[in-house]
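User: Hi! I'm new to protein models and would like to learn how to read one. Could you take me through it feature by feature?

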Amino acid sequence: MEQIIGLITGIIFGFLLQKGEVLRFERQVGFMLLKDMTIIKFMLTAVIVGMIGIYTCHSLGLIALSVKATQVAAIVIGGLLFGIGWAIAGYCPGTSVGALAEGRIHAIWAILGMLVGAAAYAEIYPYLENSVLSWGSYGKITLPQLLGVPAWPIIVAFAAFGVGFFVWAEKKGL
Amino acid sequence: MNISFFASRWSPYIAGAFVGVLAVLSVLVTTVILDKPKYIGASTTFVRAVGFVEQVVSSEHVAENAYFMSKKIKVDWQMLFVVGIFAGSLISSRMGKTAKIEMVPPIWRERFGPSIVVRGVGAFIGGIILMFGARMAGGCPSGHGMSGNMQLAVSGLLALGFFLLGAIITARIVYGSGGRSWNK
């Protein structure tokens, strides 16, 4: 059952990624060169709609959050490494498999590299566990907890930022 | 506003909004049916996939590795989710007639030439670095960028910021200004 739900969710997700044209190398690298904001429009819209939905359901007691721990050093170093590789590959993990399906054959090399990268990380993980991964560890915290304010003002601020960004991007034709 | 399944493209705002709704529905449905919320993510699947490959060579090595142990090598919700992305993109690109065989993308070709091998080596090395980074950071633009930020996670915002920073600086160095081929 778990797998069937995952498959259906993935099919819809892949369909939407493809229709939004965010799977393309040109869109991803186009954003990194600050010439095409398609992937940010897509992602920011998804995040704003998602946070409204998630926090509505959460405040009604329908769902639980599943927040990843904030490990500052690991996120800063790992995040920068991710960005470096992402720029060279032109795909992130989720978009690489979708890009392959729409005919971008060269995504297969990125996917193979990702598998090797995952294997390499598994080998090095024991050495990171008590070093990088433990530096600046704050546990599973959210912005409302960090700032000491309720969630909704933050969501409103996020949405306002998003709308402002969209207006700017459309005006600039990006 | 064309949202026909046969349209070549949808507005990124429309497609993105549907993804937001999908993410929330996914959490609701999995909470009800599986009794545990499933938030969208992709990169852990690469750990499990390579774990399966390594098991063929040496199952002991995988069983003894602390990282594989913590992630559990199994065919789970997320692995089928990633398989689904492939299928969904296949369906959409065929219905919209936007599938295109591409061995070397234009921006890359302008900088590094038409060689399939050079592009292959570049994509492979990029893939290694990005996945190593994603696993160290604890997620990728799906898990941290989307799911993390939807939950207002501090980790999600921090990770997304550094993903974008690393990518923007690197792209500038690797592709220069990107020439004229960036569109399409």
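User: Let's start where two helices cross. In which hand does α3(A) pass α1(B)?

Analyst: Keep in mind that this is a predicted model. To judge the hand of a crossing, look at how the near helix is turned from the far one: clockwise by less than a right angle is right-handed. Here α3(A) passes α1(B) in a right-handed crossing.

User: What kinds of residues make up the contact of α3(A) with α1(B)?

Analyst: Sort them by class. The contact of α3(A) with α1(B) has 18 nonpolar residues, six polar and one charged.

User: How is chain B divided into domains?

Analyst: There are two parts to look for: domain 1 (1–100) and domain 2 (103–184) of chain B. Their centres, taken over C-alpha atoms, are separated by 19 Å. Where they touch, eight residues of domain 1 of chain B are in contact with ten residues of domain 2 of chain B. The domain 1 side of that contact divides into six nonpolar, two polar and no charged residues.

User: Now chain A. What does its secondary structure come to?

Analyst: Chain A has eight helices and zero strands, so the order from the N terminus on is α-α-α-α-α-α-α-α. Along its principal axes, the C-alpha trace of chain A spans about 50 × 45 × 40 Å. Of the 174 residues in chain A, 53% are buried. Another thing to read is contact range: among contacts in chain A with a separation of 6 or more, 61% are between residues 24 or more positions apart.

User: Where does UniProt place the feature "transmembrane region" in chain A?

Analyst: The record, an unreviewed entry, places it at residues 42–66, 72–93, 105–128 and 148–169 of chain A. You can compare such a record with the model. Residues 42–66 of chain A are 72% helix and 0% strand, with the end C-alpha atoms 23 Å apart. Residues 72–93 of chain A are 86% helix and 0% strand, and their end C-alpha atoms lie 22 Å apart.

User: One last thing: backbone angles. Which residue of chain A has a positive phi of about 60° although it is not a glycine?

Analyst: That is A:E21. A:E21 lies in the loop between α1 (2–19) and α2 (25–32) of chain A. In chain B, B:K72 also has a positive phi, near 60°, and is a residue other than glycine. B:K72 is in the loop between α4 (66–71) and α5 (77–95) of chain B.

User: Are A:E21 and B:K72 buried or exposed?

Analyst: Count the neighbours: 20 or more other C-beta atoms within 10 Å makes a residue buried, and 12 or fewer makes it exposed. A:E21 is buried because 23 other C-beta atoms lie within 10 Å. B:K72 is exposed because it has 11 other C-beta atoms within 10 Å.

Methods:
Residues numbered from 1 in each chain as written. Chains lettered and ligands numbered in written order. Predicted model: local features only at pLDDT ≥ 70, side-chain atom pairs only at ≥ 80, totals over all residues. Helix = DSSP H or I, 4+ residues; strand = E, 2+ residues; numbered from the N terminus. Nonpolar A, V, L, I, M, F, W, Y, C, P; charged D, E, K, R; others polar. UniProt positions renumbered as here; feature names shortened; annotations may be inferred. Contact = placed C-beta atoms within 7 Å. Domains from an automatic or database assignment.
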